[in-house]
Every structure is written in C-alpha cells, then in structure tokens.
Amino acid sequence: QVQLVESGGGLVQPGGSLRLSCVYSGRIFSINEMGWYRQAPGKQRELVANYPDHYTTAYADSVKGRFTISRDDSKNTMYLSMDNLAPEDTAVYYCHLDFYATEWSKHNIWGQGIQVTVSS
C-alpha cells in the first residue's frame with residue numbers, strides 16, 4: 001500500500017518562507033504525476049505546482065516566482081519551497097501522487113494534508 005506523509009507546515013508571517021516535504025512509500029512501478037494542491041476555507045482544492053511528467057514542472061499563476069517544486073527520487077521525497085508568503089496562501093496543502101503499482105494497476109492518492117497559515 002502506497003502512503004504519503006507530509007511535513008513542514010505551520011504558522012509564518014507575511015513575507016516569510018516554509019518548505020513542505022512529502023515522503024512516499026510502498027510499491028510503485030512508475031509515477032505519472034505528482035504535485036502539491038491546496039484548499040482554503042470555503043474554496044475548492046486547486047493545483048499549486050506539479051510534475052505532469054518526470055522532467056516538467058507546472059505552477060499556478062498565483063505562485064509563480066515564489067514557490068518551487070522539487071524532488072529527490074533517491075529519498076522518495078517531493079518538496080515545495082514557498083517564499084514571500086502572503087495571507088492568501090493560507091490553506092491546507094495536499095501532496096498528490098498518480099502512479100502505477102504494477103504495469104496495469106493505476107492509482108491516485110492524497111496525503112493527509114498539512115496546514116499553512118500566513119498571518120502577522
């Protein structure tokens with residue numbers, strides 16, 4: 001069973017920085033997509049940044065130039081570095097993985113979510 005464990009959230013002042021981590025474990029044959037999403041109170045879950053394939057990154061317009069997605073496959077870990085945080089970045093952030101457990105078995109899973117609060 002594949003699991004995602006997020007860490008690194010918390011409370012930060014406007015203009016501050018945080019780095020989120022997502023460690024994935026379990027049987028993975030190949031990864032289609034992996035990324036970070038967020039959901040603010042009263043709003044729908046939205047894409048923040050992702051790897052639509054192994055070599056390409058994509059970002060929401062609202063975070064371009066401030067957030068950076070990265071990965072360390074040797075550690076089965078994906079990161080989201082967030083700089084110049086603003087109150088509107090306050091949300092629960094979710095790690096997402098779309099993968100094949102075997103050559104024919106496709107799955108997608110979500111992490112438990114981690115709170116990021118930007119406030120003075």
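Predicted model: local features only at pLDDT ≥ 70, side-chain atom pairs only at ≥ 80, totals over all residues.
1. Disulfide. A search of the whole structure turns up one disulfide. Its partners are Cys22 and Cys95, with sulfur atoms 1.9 Å apart. The torsion about the S-S bond is -75 degrees, which makes the link of Cys22 and Cys95 left-handed. Cys22 belongs to strand β3 (residues 18-25) and Cys95 to strand β9 (residues 91-100), so the link ties together parts that are 73 residues apart in sequence.

2. Burial of the cysteines. Cys22 has a relative accessible area of 0%, and Cys95 has one of 2%. Buried means under 20%, so Cys22 is buried and Cys95 is buried as well.

3. The four-stranded sheet. Four strands make an open sheet, ordered β1-β3-β8-β7, with antiparallel pairing. Its edge strands are β1 (3-7) and β7, each of which pairs on one side only. On average, and with direction ignored, neighbouring strands of this sheet are turned by 15 degrees against each other. Strands of a sheet pair through backbone hydrogen bonds, in either the parallel or the antiparallel sense.

4. Pairing of β1 with β3. Five bridges connect β1 and β3 in the antiparallel sense. In this part of the model, Gln3 stands opposite Ser25 in β3.

5. Pairing of β7 with β8. Strand β7 and strand β8 (residues 77-82) run antiparallel and are joined by six bridges. Ser70 stands opposite Tyr79 in β8. The hairpin of β7 and β8 has four residues between the strands, and Asn76 in this hairpin takes a positive phi near 50 degrees.

6. The two faces of β7. Which residues of strand β7 (residues 67-72) lie on the covered face, and which on the uncovered one? Phe67, Ile69 and Arg71 make up the covered face, while Thr68, Ser70 and Asp72 make up the uncovered face. In a regular strand the side chains alternate between the two faces of the sheet. Arg71, from the covered face, has its charged end over the ring of Tyr51, 4.9 Å from the ring centre.

7. Pairing of β9 with β10. Strands β9 and β10 run antiparallel and are joined by five bridges. Asp98 stands opposite Asn108 in β10. The hairpin that joins β9 to β10 passes through five residues.

8. Aromatic pairs. The structure holds two aromatic pairs. In one, the ring centres of Tyr37 and Trp110 are 5.0 Å apart and the planes stand at 75 degrees, so the pair is edge-to-face. This pair links distant parts of the chain, with Tyr37 in strand β4 (residues 30-39) and Trp110 in strand β10 (residues 106-110), 73 residues apart. Tyr37 is buried, at a relative accessible area of 16%, whereas Trp110 counts as partly exposed, at 36% relative accessibility. In the other pair, the ring centres of Tyr94 and Trp110 are 6.4 Å apart and the planes stand at 90 degrees, so this pair is edge-to-face too. Tyr94 in strand β9 and Trp110 in strand β10 are 16 residues apart, and their pair also links distant parts of the chain. Tyr94 is buried, with a relative accessible area of 14%.

9. The ring cluster and its charge. Through these ring pairs, Tyr37, Tyr94 and Trp110 are linked into a cluster. What lies over the face of Trp110? Arg45 does, at 4.5 Å from the ring centre.

10. Pro52. Pro52 lies in the loop between β5 (46-51) and β6 (58-59). At 40% relative accessibility, Pro52 counts as partly exposed. Leaving aside residues up to four places away in sequence, Pro52 touches Asn32, Glu33, Thr57 and Ala58. Pro52 and Gly35 are 17 residues apart in sequence, and their C-alpha atoms are 8.0 Å apart in space.

Definitions and conventions: Residues numbered from 1 in each chain as written. Heavy atoms only, no water. Disulfide = S-S within 2.5 Å. Buried < 20%, exposed > 50% of the residue type's maximum accessible area, 1.4 Å probe, protein only. Contact = heavy atoms within 4.5 Å. Phe/Tyr/Trp six-rings, centres within 6.5 Å; stacked < 30°, edge-to-face > 60°. Lys NZ or Arg CZ within 6 Å of the ring centre and 35° of its normal. Pairing = 2+ DSSP bridges. Axes fitted to C-alpha atoms, helices over the stretch in contact; angles between N-to-C directions.
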